[in-house]
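Please look over the sequence and the model before reading on. The paragraphs below go from the surface to the spaces inside.

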Amino acid sequence: MLLHHKVRGVSDEFLTRAIAATLALGRAAIGVGVWLAPEWALGALGFDPRRSGSGPAVAMARLAATRDLVLAAEGLRALDDPARLRETSLAGAAADAGDAVAFALALARRDGTGRGAIRGLAAAIPATALGLWLARRSG
């Protein structure tokens with residue numbers, strides 16, 4: 001089971017909050033990066049800058065970035081409220097699962113987004129699992 005073993009001197013509550021905060025801060029970093037420098041951020045995430053720098057691609061990326069910023073803010077606000085952290089973690093897990101499906105579909109289409117889709121899957125699958133783990137441990 002994920003993180004089943006106790007870490008000496010670290011409480012379950014501290015570990016849960018630390019993981020929730022790390023997940024929220026990661027979402028915030030991606031969201032801010034995509035909003036402020038979308039072409040660079042999309043390139044760093046593995047997408048071809050020649051294709052991802054178009055107006056529609058940037059607009060869609062910023063929509064996802066806004067979602068990540070909202071989930072990050074809610075995740076940080078929920079750190080001291082286990083019931084709220086559970087709800088926020090489930091919402092984040094649902095969004096991450098949707099991202100995983102979208103990246104898997106992009107990879108299956110073989111439309112030139114392979115590297116970005118693989119990196120996206122490598123982030124979305126563990127984020128989904130962590131969100132479900134946090135929801136289970138909270139509220």
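**Surface patch, cavity and pocket**

In this predicted model, V32, W35 and L36 make a nonpolar surface patch of about 320 Å². One of these residues, L36, belongs to helix α1, which covers residues 12-36. Is L36 buried or exposed? Its relative accessibility is 70%, and exposed means over 50%, so L36 counts as exposed.

When the whole structure is searched, one cavity of 30 Å³ or more is found. The largest cavity holds about 120 Å³ of space. Its lining consists of 14 residues, and those nearest its centre are L23, R27, G75, T88 and S89. Two or more lining residues come from each of α1, α4 (55-77), α5 (82-109) and α6 (114-137). Which element gives the most to this lining? The answer is α5, with five residues. Sorted by class, the lining of the largest cavity has eight nonpolar residues, five polar ones and one charged.

The largest pocket has a volume of about 970 Å³. A total of 34 residues line the largest pocket, with L42, L45, F47, A64 and F103 nearest its centre. At least two lining residues are supplied by each of α1, α3 (49-52), α4, α5 and α6. What classes of residue make up the lining of the largest pocket? There are 18 nonpolar, six polar and 10 charged residues.

How values were computed. Residues numbered from 1 in each chain as written. Predicted model: local features only at pLDDT ≥ 70, side-chain atom pairs only at ≥ 80, totals over all residues. Heavy atoms only, no water. Patch = residues over 30% accessible without salt bridge, like charges linked within 9 Å, V, L, I, M, F, W, Y side chains within 5 Å. Areas by Shrake-Rupley, 256 points an atom, 1.4 Å probe, with all protein chains shown as cover. Salt bridge = Lys/Arg side-chain N within 4 Å of Asp/Glu carboxyl O. Helix = DSSP H or I, 4+ residues; strand = E, 2+ residues; numbered from the N terminus. Buried < 20%, exposed > 50% of the residue type's maximum accessible area, 1.4 Å probe, protein only. 1 Å grid on protein atoms, 1.4 Å probe; cavity = no way out; pocket = protein on both sides within 12 Å on 5 of 7 lines; lining within 4 Å. Points joined across faces, edges and corners; volume = space filled by probe spheres on them. Nonpolar A, V, L, I, M, F, W, Y, C, P; charged D, E, K, R; others polar.
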